[in-house]
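I opened the notebook today to go through this structure piece by piece.

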Amino acid sequence: MPQHIPLKDPGGEARLFITRILFSVLLVLALLGVILARYYDLQINDYEIYRTQSDRNRVQLQPLPPKRGLIYDRNGVLLADNRPSHILSIVRERVDDLDATLAELQLLLPISESDLENFQQKLQRRRPYEAVPLRFRLTEEERALLAVNRHRMPGVTVDAQLVRHYPHGTLFSHAVGYVGRINEQEAQSLDERDYRGTFHVGKVGVEKFYEDLLHGEVGYQNVETNAHGRVLRVLERFDPVPGADITLHLDFALQQTALEALGEQRGAVVAMDPWTGGVLALVSTPGFDTNLFVNGISSADYRALRNSPDVPLFNRAIQGQYPPGSTVKPMMAMAGLQTGLVTPETTVPDPGWYSLPGDSRRYRDWILKIRGTGHAPRVDMHMAVAESCDVYFYDLARRLTIDRMHEYLSGYGLGKRTQVDTTNERPGVLPSTRWKRDAMNQPWYPGETLSAGIGQGYMLATPMQLAAATSVLATRGQWRTPRLLRSVAGQELPNEPVETISAPPAYWEAVHESMRAVVHSARGTARKIGEGIRYEMASKTGTSQVIGIAQNAIYVEADVAERHRNHGLFIAFAPYEAPTIAVAVIVENGGGASAASPIARAVLDAWLVDDTEPVSRVPEEQTDG
Amino acid sequence: MGDYVRQLQLPGDSSDFSRKQPLALRLHLDLPLLLLLALLTGFGLFVLYSASGQKMPALIRQGQYFLLAYCVMFAAAQIDLKRYERWSPWFYLLGVLLLVGVIFFGVGAKGAQRWLSVGGFRFQPSEILKLVMPLTVAWYLSSRALPPRLKYVLACLLLVALPSVLILLQPDLGTALLIAASGLFVLFMAGIGWSYIVGAFVLACASAWPVWMYVLKDYQKQRILTLLNPESDKLGAGWNIIQSKTAIGSGGWEGKGWLNGTQSQLDFLPESHTDFIIAVLAEEFGMRGVLVLIALYLLIVLRGFWIAVNAKSNFGCMVAGSITLTFFVYIFVNMGMVAGLLPVVGVPLPLVSAGGTSVVTLMAGFGVLMAVATSDSGRRR
């Protein structure tokens with residue numbers, strides 16, 4: 001028992017305890033009141049706010065990316081399709097040691113520096129439970145390796161996604177273009193809503209031009225997710241509208257023929273149906289494998305393409321601007337007839353050179369270095385086109401003047417973009433006094449008119465423009481905008497002529513006749529390709545100078561470096577009586593038109609003759625890039 | 001208070017007395033309190049089942065903890081109050097020694113040493129102090145005239161400070177504050193002057209700045225900053241508070257229904273079965289459920305105060321008052337922190353949050369409370 005007994009003031013102590021307990025009860029009630037007020041505030045006053053927040057937490061609006069429309073050639077050959085591609089992603093939250101996991105993954109499969117960089121960038125923007133892509137396009141083998149080792153690496157996931165694939169590799173690289181991953185710049189200009197969930201967008205060519213058609217409409221689903229982002233169930237779903245399947249005018253066999261005919265040479269071929277404006281073939285060599293670009297090209301591959309002296313990324317068919325050379329002569333002849341400056345019977349003396357009145361400078365004819373003389377003592381229009389006489393057109397050009405030349409030749413689409421439905425087309429140059437004043441702030445000199453008269457000097461045209469101009473010749477004056485797109489979801493698109501050059505039929509006949517003689521006459525400049533031909537064509541050869549030749553020097557091919565050799569050009573339409581195809585060919589540094597004309601012949605053969613000898617439409621290599 | 005004197009005069013055996021007592025009294029049980037605790041723990045198991053992702057094993061384990069805790073409570077209720085009074089200083093000494101031992105031999109995780117491992121059995125000596133602290137201070141004051149004189153108050157403060165500082169060194173700020181509070185509550189019950197209380201309050205406010213500067217660790221500061229502006233770190237420290245407020249608020253008046261809380265069932269709510277379980281309750285049972293819980297807690301607290309008022313000794317009164325107030329502090333701090341009123345400290349919702357240690361300690365406290373309620377009704381020993 002304790003010795004000190006607290007007997008001081010039991011009554012006072014009891015009162016003290018009661019006071020303190022009462023105070024405690026009041027304190028408890030007050031603090032519980034605070035708690036209750038707080039819960040009342042949260043649960044009753046702000047109920048709507050938190051209810052919404054909780055729903056937003058739980059229900060996620062997930063975009064459903066639309067399937068990109070397929071691209072076919074005119075015969076139904078698939079040019080661009082979608083294939084499942086496997087993506088390696090990492091969910092940060094579920095990874096214990098990110099560096100260790102990355103190191104382990106690098107032992108299993110190649111992960112490039114740019115992959116890692118990309119990954120680290122995205123990692124900072126995503127929430128910890130969102131999957132961040134690390135590697136695209138996993139191979140079968142890599143997927144198997146991952147499947148075996150995945151149990152050791154929590155948070156590592158492999159997802160399949162439909163990704164663009166080009167079954168024919170380089171064959172349609174410039175005709176169809178390609179898609180690539182959306183970059184920062186594009187992300188800003190694209191409709192954010194439409195492209196949620198979509199990683200790719202058309203970058204070049206048809207893929208870019210018809211992006212709106214091919215993309216489709218994004219769908220959505222409301223899903224209930226847990227905090228880790230895993231979908232538990234779908235509450236609501238609005239299906240995406242897949243992009244439209246489109247059919248192009250392109251012809252697989254023709255494209256292949258053109259590519260093979262060009263072979264190792266740098267050049268371009270554009271073939272058109274003159275009556276529809278449909279582009280049957282669009283080839284620019286060298287090409288490249290468009291599949292490389294779909295999921296991000298490696299910097300080594302890109303550097304190789306970028307730094308190649310052959311500039312494979314350059315689409316010569318629509319971006320390449322070349323002096324058209326003698327291929328403008330049929331159009332010049334038409335202009336002469338239309339203006340009444342010449343008739344088919346008009347002749348011009350041809351000593352092999354021409355000079356302006358009161359000027360001693362001699363403008364040589366190309367024949368001079370071969371024969372030492374002109375084509376004939378007097379040359380008429382027929383011979384001038386068939387044998388490509390320069391002197392005749394020097395004379396005509398002088399009398400026509402540059403500004404009228406500009407007026408008449410623009411009817412063929414020269415000097416402005418053809419508005420073909422693809423990207424990056426260049427306009428070429430159809431000079432005039434005004435053009436020179438605007439572009440160079442210089443007056444026009446009379447000698448320059450002579451150069452322009454034979455498609456040299458300032459005049460530049462793309463192969464696309466030349467093919468379109470040839471179509472105008474073939475249709476006797478009808479200008480149609482060249483079109484790659486033939487039909488959308490089976491719906492044919494008409495392409496009526498926009499402008500028409502009206503001229504008496506006799507004029508057209510005279511010019512056509514002279515163009516026929518280019519191949520089908522004993523002295524035609526392209527008579528060599530007429531051997532064994534089973535149809536007739538109207539055509540024109542052309543040679544364009546790459547470097548200026550000094551006044552008195554004679555051009556000797558062998559002495560000129562390969563890159564400085566002349567470009568060879570050739571335009572043609574066939575069959576002669578009822579043309580169904582117009583073609584323009586350029587071979588860079590081919591030396592002369594003889595490099596281009598056999599290519600045109602091959603293309604025309606493939607289009608006109610091959611019914612008896614069907615070309616296999618199955619692509620030779622179908623390996624996954 | 002007449003019994004008080006009689007109690008001293010009758011040290012002899014009076015076993016025949018007890019036979020006339022109701023069974024509850026003979027078993028040293030306070031029936032109203034027991035009933036309230038049963039209701040609370042039953043309700044707690046309901047909420048826990050939902051909060052733990054509807055896992056039966058978690059429920060069974062908690063049931064086992066409760067079984068153990070009720071046994072401890074029952075045992076604690078059987079011990080005579082005089083023994084508590086006599087033993088408490090020795091337990092206090094033992095507790096302090098163990099706390100010193102923790103500093104030298106302790107094991108722990110995340111930079112804090114809180115555990116002692118003896119023969120493979122790990123325990124936190126600070127848990128012992130939760131009960132021993134009020135007992136010891138009450139022991140010290142029970143033999144002195146109340147209200148205590150200044151020197152005794154200072155002695156009590158020393159008694160309180162020694163283990164609190166040791167626990168603070170582990171470091172475990174939350175437990176240190178709770179244990180200090182349980183000792184100070186005894187002083188409060190003993191009737192120290194209001195001037196001391198107000199003075200201490202002013203001092204506490206004044207020391208806020210140096211404490212912030214020199215005592216609090218970065219993670220502790222972060223918790224306070226997060227409380228003030230949870231939006232500043234939505235995915236990190238603020239995540240818990242944002243999600244728990246969302247859970248509570250979205251429960252509304254009626255609640256989303258048992259097992260239907262989306263915040264808790266879909267893992268948005270962290271620590272949903274332990275410290276943040278009130279958010280699950282608030283989400284699934286709504287404000288109604290919160291009111292029921294608060295009513296239960298309030299009744300328990302009021303019963304505790306009733307026991308304190310009716311205690312036959314100063315010691316019993318002070319101990320009962322302190323235990324009840326400490327129990328209330330748990331409730332207030334937990335419900336306040338989950339609702340974003342207070343910084344997040346590791347305080348469970350008493351008798352509802354999953355976990356064995358806190359349940360056993362709390363129920364031991366209620367055992368002492370029952371000992372206070374029944375100690376003088378029958379035999380003294």
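**Entry 1, the model and chain B.** I note at the outset that this is a predicted model, and I read every value with that in mind. Of its 381 residues, 45% count as buried. I also looked at the contacts in chain B between residues at least 6 apart in sequence, and 71% of these join residues at least 24 apart.

**Entry 2, where the chains meet.** How many residues of chain A are in contact with chain B? I found 39 residues of chain A in contact with 46 residues of chain B. On the side of chain A that touches chain B, the elements giving two or more residues are α1 (10-45) and α2 (47-58) of chain A, and the largest share, 21 residues, comes from α1(A). By class, I recorded 23 nonpolar, eight polar and eight charged residues on that side of chain A.

I followed an open sheet of five strands of chain A, in the order β14-β13-β25-β24-β23, with antiparallel pairing. Because β14 and β23 (538-544) of chain A each have a single partner strand, they stand at the edges, and one side of each is left without a neighbour in the sheet. Neighbouring strands of this sheet are turned by 5° against each other on average, direction ignored. Across β13 (267-272), β24 and β25 of chain A lies helix α21 (residues 463-474) of chain A, which runs at about 145° to β25(A).

I then took helix α17 (residues 390-400) and helix α20 (residues 446-453) of chain A, which pack at an angle of about 125° with their axes 8 Å apart. That angle makes α17(A) oblique to α20(A), and the crossing is right-handed. Among the residues that meet are A:Phe393, A:Tyr394 and A:Leu396 in α17(A), and A:Thr449 and A:Leu450 in α20(A). The contact of α17(A) with α20(A) has six nonpolar, two polar and one charged residues by class.

Where do the cis peptide bonds I noted fall? One runs from A:Thr285 to A:Pro286, with omega near -5°, and A:Pro286 is in the loop between β14 (279-285) and α11 (291-294) of chain A. Another runs from B:Leu146 to B:Pro147, also with omega near -5°, and B:Pro147 is in the loop between α7 (125-142) and α8 (150-168) of chain B.

For positive phi, I noted A:Arg137, near 50°, in the loop between β4 (131-135) and α5 (140-149) of chain A. I also noted B:His28, at about 60°, in the loop between α3 (23-26) and α4 (31-51) of chain B. Is A:Arg137 buried or partly exposed? A:Arg137 counts as partly exposed because it has 17 C-beta neighbours inside 10 Å, whereas B:His28, with 23 such neighbours, counts as buried.

Note on methods: Residues are numbered from 1 along each chain as its sequence is written. Chains are lettered from A and ligands numbered from 1 in the order in which they are written. This is a predicted model: local features need pLDDT of at least 70, side-chain atom pairs count only at pLDDT 80 or more; totals for chains, interfaces and linings use all residues. A residue is buried if 20 or more other C-beta atoms lie within 10 Å of its own, exposed if 12 or fewer, and partly exposed in between; C-beta atoms are placed from the backbone. Two residues are in contact if their C-beta atoms, placed from the backbone, lie within 7 Å. Helices (H or I, at least four residues) and strands (E, at least two) are DSSP runs, numbered from the N terminus. Axes are lines fitted to C-alpha atoms, for helices over the stretch in contact, and angles run from 0 to 180 degrees between N-to-C directions. Angles under 35 degrees count as roughly parallel, over 145 as roughly antiparallel, 65 to 115 as roughly perpendicular and the rest as oblique. A crossing is left-handed if the near helix is turned anticlockwise from the far one by less than a right angle, and right-handed if clockwise. Ala, Val, Leu, Ile, Met, Phe, Trp, Tyr, Cys and Pro count as nonpolar, Asp, Glu, Lys and Arg as charged, and the others, Gly among them, as polar. Two strands pair if DSSP finds at least two bridges between them.
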